[in-house]
Amino acid sequence: MPGRIQSIERAAAILRLLAGGARGLSLAEISRSLELPKGTVLGILRTLQHVGFVEQDPESGRYRLGGGMLSLGTRYLDGNELRTRALNWADTLASRSGESVRIGTPHQGQVLVVHHVFRPDSSRQTLDVGTLLPLHATALGKVLMAFDPLVTPLEDTAVEEGPVFLPAYTRFTIVSPGELEKQLAEVRDNGWAWEAEELVDGEVSIAAPIRDRRGTTVGAIGVRGAVERLRGPDNKLDMEQVSYVRDAARAISRELGATPY
């Protein structure tokens with residue numbers, strides 16, 4: 001049997017590293033992280049650039065994933081049963097709610113957006129398919145954590161290292177694991193989750209679980225929009241929007257064979 005090809009393993013390691021660096025990484029950072037000579041890393045990066053898998057920022061010189069990787073990821077997501085079964089219901093939810101819709105699944109301690117429907121207006125929007133979101137600061141992530149105990153944003157941390165805090169994205173982000181668990185208990189009781197300005201200032205998101213024929217939560221669907229649209233003048237969440245999200249989650253779950261739902 002032929003052995004493994006070292007250069008491909010190194011290229012894969014670079015791509016995985018770049019996938020976790022939202023702002024891009026320098027040659028020195030990649031070399032140091034992978035403990036590889038700069039010359040070796042540069043040669044692989046240039047090859048990956050040539051095939052479109054990596055891009056280099058002309059101003060900073062930092063490297064990031066290229067459009068070729070997004071294309072490959074989209075082809076994978078197109079074959080994802082969850083996304084395929086949810087297409088029509090996601091479109092319907094966007095029409096009913098008037099907000100953008102995202103479907104997410106757990107992926108390496110984060111939420112992977114596998115489908116995104118734009119808000120049905122003429123505003124400029126950016127496609128989120130393939131984006132990784134934090135579990136603890138999004139409604140999608142809270143749903144996934146609440147209904148699957150194996151989904152967690154916490155890494156193993158020794159007790160002697162002191163208190164563990166989750167990353168803060170705004171002044172409203174819940175950073176205490178204890179407080180987060182209290183909220184997840186409420187999510188389990190309610191059957192849906194929401195967050196207000198925990199990830200992005202001025203934005204609210206609502207989500208509900210998608211289950212398969214085994215009753216397992218395999219994903220979540222939700223809406224995201226401005227605070228002034230999703231919260232009324234009394235500063236309370238718009239419960240009609242919650243009902244739209246839950247209806248969509250139930251419909252997709254039925255498509256996946258969940259019963260009774």
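Before the first residue, a definition: helices (H or I, at least four residues) and strands (E, at least two) are DSSP runs, numbered from the N terminus. With that in hand, helix 7 is followed by Gly191, whose phi is positive, near 90 degrees.

Now the ground rules. This is a predicted model, in which local features need pLDDT of at least 70 and side-chain atom pairs count only at pLDDT 80 or more, while totals for chains, interfaces and linings use all residues. Residues are numbered from 1 along each chain as its sequence is written, and side-chain values use heavy atoms, with hydrogens and water left out.

The protein has nine helices and eight strands. Of its 261 residues, 41% count as buried; buried means under 20% relative accessible area, exposed over 50%, and partly exposed in between, with a 1.4 Å probe and protein chains only.

Back to helix 7. Its 14 residues should span 20 Å at 1.5 Å a residue, and the end C-alpha atoms are 20 Å apart, which agrees. The expected span here is 1.5 Å times one less than the number of residues.

Which residues of helix 7 are buried? They are Leu180, Gln183, Leu184 and Val187. They cover an arc of only 105 degrees around the axis, so they lie on the same side of helix 7; the arc is that of the directions from the helix axis to the C-beta atoms. The face turned away from that buried side carries the exposed residues Lys182 and Asp189.

What do the buried residues of helix 7 pack against? Helix 6 and strand 6 (193-196). Contact means heavy atoms within 4.5 Å.

Take the helix 6 side. The axes of helix 6 (residues 139-147) and helix 7 (residues 177-190) come within 9 Å and cross at roughly 80 degrees. That makes helix 6 roughly perpendicular to helix 7, since angles of 65 to 115 degrees count as roughly perpendicular. Axes are lines fitted to C-alpha atoms, for helices over the stretch in contact, and angles run from 0 to 180 degrees between N-to-C directions. From helix 6, Lys142, Val143, Met145, Ala146 and Phe147 meet Leu180, Gln183, Leu184, Val187 and Arg188 in helix 7.

There is another pair to show. Helix 1 (residues 6-19) and helix 3 (residues 38-50) pack at about 80 degrees, with axes 10 Å apart. Helix 1 is therefore roughly perpendicular to helix 3. Ser7, Arg10, Ala11, Ile14, Leu15 and Leu18 in helix 1 meet Thr40, Val41, Ile44, Leu45 and Leu48 in helix 3.

Key
Parallel < 35°, antiparallel > 145°, perpendicular 65-115°, else oblique.
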